[in-house]
Amino acid sequence: MQQGTLMRKVKSKSWKKQRFFKLQDDCMTIWYQSKRTGKTESAFSISDVETVREGHQSEVLQSLAEEFPPERCFTIVFYGRRGNLDLIAGSAEEAQCWVQGLRQLIEPRSFPLTFALVSLTWIRDWFQKADKNKDGRMNFKEVQHLLKMMNVDMNEDHALRLFQDADKSESGTLEGEEFVLFYKALTQREEVLSLFQEFSEDGKKLTLLELVDFLRQEQLEDEGTEEMAMELIDKYEPSETARARHVLSADGFLMYLCSPEGSIFNPHHRALWQDMNQPLCHYFISSSHNTYLIEDQLRGQSSIEGYIRALKRGCRCLEVDCWDGPNGEPMVYHGHTFTSKIPFREVVSTLGKYAFKVRHPSPEPSYPIPSWVLKGAGGADPQQCRIPGKTSLVEELDTPKSASLSPTPQELKHKILLKGKKIGRLEDMLDGPGDEVPDVSDDDNGAEAEEERRRAKVVLDDTPNTQHSSALQKDKETLAQVLSDCVIYCKNVSFQGFQEARSHSRPSEISSLSEAKARKLIRDAGNEFVRHNAWQLTRIYPSGMRTDSSNYGPQEMWNVGCQIVALNFQTAGMEMDLCDGLFSQNGRCGYVLKPLFMRDEETLFNPSDPSSWEGPGPITLTIQVISGQQLPKVANSKDIIDPLVRVEIHGVPVDQAHQETKYIENNGFNPCWDETLQFQLHVPELALVRFVVEDYDKTSRNDFVGQFTLAFANIKPGYRHIHLLSKDGTSIPPSSLFVHIRITE
C-alpha cells in the first residue's frame, strides 16, 4: 500500500479511469493521482473511512459484474453523506491487500487507546501539514503558519517563548519529541489543572480518597464510588508507578474527563437499558421517508445506499415505494417523478445483508423493522424476492403465531413487518375466515398520494408527456393475496378521526398523516392525539411540497406520542440532529420507550396545556459553558473562527428555549467562555438538549462549526466533556466542549 498500486476508479459503466493510489508514510492518509498527468487528484484520511466492502456491493460495481470478477472489486465507504469510492484492482491479490490493510487501519479499538491515538495522530498530522519543506524539522516561521491552521491567534512573543522552551537542542528548529513538547505546552488545559488542584492536597496527584471525593461531590456518583475510582485509575492513568500506588496524575485526570465515563452522555444509557416488552405503540421508532432517495424528491438518485446508510444510523422503519416495472419486475422509485429506479430484488438483498447486522459500537440491531411501505405494485410477489441464505423474503417477514394484536419488540426480534394494504382482518388469519366477504383495506396514503399528484403536476407541466399524465390517473389496483398475507401488524387504514378510530380500528392497524394534518390535530385535539397513540401506531410524513428533501421539526410530533415520525435521512440539519440525539440511547436499537404518562390510554396529558401535567414541578437545568478544545474551521474558509455556544431546549412548547454565550474573538483552539446558562423544564421526559458551536459573523448569518444533541434523560451531571459532531452527524475528534452540569428540582 505504501509502495502504491494502480487501480481503476469507477463512477459509472462508462467512466472507468486508472489512478495511482498510495498510503502515505504516516499511515493515516491515502492520496491518488492520474496515471496520465501524474497530477495528485485527491486525498482522504483513514479516519474518514467507515468501512470497506468486498465484491460487487455497490450499484456501479454490480453493473460491471460481467466485466470484472468480484474478487478484484471493493468499495470504500466514508462517514456521513460523502459519496463512496468504487475501485477495481488489477488482481484479486492486490484487492485483498488493500481491503485487509484498510480494515486493520480503521479497526475499532478500546477508548483509552483511541484517545491516545487521536492525540498522537493529531500531533503527527499537524506536523506534516506545517512542515512545508518536508525536511522533518519545523522552524519558527512554519510554527506561525501552523498556529493559524490550528485556529490559534497567538501573540508572536508568546509563540516564540513556547518555541524556544521546546527547542531543547537549541538548533532553531523543532523535530520529533521537541514538537510533542511544543504541542503539549500549546494544549495545556489550565481550567482542568485548576480543578485537579482543587481536590489534590499536593497539587501533583489525586489519591484514591481524593478521587472518591471528586466523584461524589462534583460528578454526583453515589454508588460504588471507591470501586469506580479504582477502575478509572487502572484504565486512564498512563504511569505504571502511579497505578501501582492507586493515585491519578493530572494527565490521567484529563484522560478520564475526556473518556466515555467523563462524557455528558450517561454511558449506561449507551447500552440497551429500557424495557423492550411493551407493545410497539409504546415506543418512538427511528423512521425514514423515501429511504431509497439520496438526493431530492423529483429528479434525485434512488440507491440501495439510502437503505444501508439509514440502517447503519439505527433506522428501523424503512420505506419502499414499489411499482410495476418492465417484464413484470417490480421497481423501487418515487412514483410519478423523474427519480431513478432500482430493482426491488436489490432492495430485498440489501435488507438481508444489513437489516440485522451488528453495528459498532451498537450491540442491538436485531429489533424489528416495523414498517416496510409498499405502494403501487399490484403484482410484487415476496416469494420471488430472495434474501441470501433464506428461501425467500417471507422467511424474514413476520407471520402470526398467536392472537396477540399488540406484539412487543422483544417478541418480534429479527422480523420484518410489512405495512400496506390487506385483504380482510388479522383476526381472520388467526381464527379462520368468517362468513363476511373480506375487504381490501383503504390506501391510508390518500393525502400523501394527493400531494404526490400535485407535486408531479409541477414537474410534468414542464415536459408534457401522455404516458406520465395517464399515470396520474388513480387506477383500481389489484392486490396479490400472497402480499396481503404478509401484512400482519401494520395494516393501512385511512384516518377518519379519533372517535372513528376508537370505535372501529384495532391495535394492529396504522394510519399515516401529513405533517400539516398532524399539526392541525395537535392544535385542536392534543390530548386525544396522545391517547390515540397510546394504543395505535401513527406515521407522520413530510409535506409533498418538500421537493428538496428538507425536513419538518419532529419534536412536536413526538410531544403527542407519534411513533413513526418519518424524516429524510439524506438531509443534514437540526431536524436530523434531534432524531440522532433521541435514538443515540438504548443501544442505538432504533426504539425508545415513551414516558409512562404517554402510554396510558386515559392520560390527561396535553403538551400545549400545562394544567394537564402531573409532576413535582419544573426542573432547573444549569449549564456552565467553560471552554472549547480544538474546534474545526468553517468549511472552505482559512479564517480563524470567533466561536460562540448556543444551547437549545426542544420539548413541549413551554420548554422550548435557547440561550447563547458571547463570542470569543479569533480563537477556535482553546476558547474560554466560563458563562452560565439556565433553563426551566416542565416536562423533562420529552426534552432534548442541543449544543451548537457557531462562528460569529456580525454582517451575516453565523456559520455552523459543530453540535451535539441528547435526550435530557441521558445527561450526567458534573464536569463533563461534550464530543462534537459534524453537520453530517459524524465524529470530529478531538473537538469538544467542557461544561459543568447541575440539575435541581
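Modeller: The turns below take up aromatic pairs, charges over rings, a sheet, a helix and the nonpolar cores. Please note that this is a predicted model.

Biologist: How is a pair of aromatic rings described?

Modeller: The distance of the centres and the angle of the planes describe such a pair. The structure holds 20 aromatic pairs. In one of them, Phe-214 and Tyr-719 are stacked, with 6.5 Å from centre to centre and 20 degrees between the planes.

Biologist: Which parts does the pair of Phe-214 and Tyr-719 tie together?

Modeller: Phe-214 belongs to helix H8 (residues 208-217) and Tyr-719 to strand E27 (residues 718-725), so the pair ties together parts that are 505 residues apart in sequence. Both Phe-214 and Tyr-719 are buried. Ring pairs also link these two into a cluster with Phe-196, Phe-199, Phe-253, Tyr-256 and Phe-738.

Biologist: Which residues lie over the face of a ring?

Modeller: Arg-270 lies over the face of Phe-265, 3.8 Å from the ring centre. Lys-341 is placed over the face of Tyr-333, at 4.5 Å from the ring centre.

Biologist: In what order do the strands of the open sheet stand?

Modeller: The order of the three strands is E11-E12-E13, and their pairing is antiparallel. Strands E11 (322-324) and E13 (342-343) stand at the edges with a single partner strand each, so one side of each has no neighbour in the sheet. Strand E12 (residues 330-332) is joined to E13 by two bridges, and Met-331 stands opposite Pro-343 in E13.

Biologist: Why is helix H13 described as largely enclosed?

Modeller: In an α-helix there are 3.6 residues a turn, so residues three or four places apart point the same way. In H13 (residues 344-354), eight of the eleven residues are buried, so the helix is largely enclosed by the rest of the structure. Among the buried residues are Phe-344, Val-347, Leu-351 and Tyr-354.

Biologist: Which residues have the most contacts inside the largest nonpolar core?

Modeller: They are Phe-529 and Trp-558, in a core of 55 residues. Helix H19 (515-532) is one of the elements that give two or more residues to this core, and its six residues are the largest share. The core draws at least three residues from each of domain 4 and domain 5. Beyond its neighbours within four places in sequence, Trp-558 is in contact with residues including Phe-284, Val-565, Leu-578 and Leu-686. Another core, of 32 residues, lies apart from the largest one and includes Leu-631 and Ile-732.

Note on methods. Residues are numbered from 1 along each chain as its sequence is written. This is a predicted model: local features need pLDDT of at least 70, side-chain atom pairs count only at pLDDT 80 or more; totals for chains, interfaces and linings use all residues. Side-chain values use heavy atoms; hydrogens and water are left out. Buried means under 20% relative accessible area, exposed over 50%, partly exposed in between (1.4 Å probe, protein chains only). Helices (H or I, at least four residues) and strands (E, at least two) are DSSP runs, numbered from the N terminus. Rings of Phe, Tyr and Trp (its six-membered ring) pair if their centres lie within 6.5 Å; planes under 30 degrees apart count as stacked, over 60 as edge-to-face and the rest as tilted. A charge sits over a ring if NZ of Lys or CZ of Arg is within 6 Å of the ring centre and within 35 degrees of the ring normal. Two strands pair if DSSP finds at least two bridges between them. A nonpolar core is a set of buried Ala, Val, Leu, Ile, Met, Phe, Trp, Tyr and Cys residues joined through side-chain atoms within 4.5 Å. Domain bounds come from an automatic or database domain assignment. Contact means heavy atoms within 4.5 Å.
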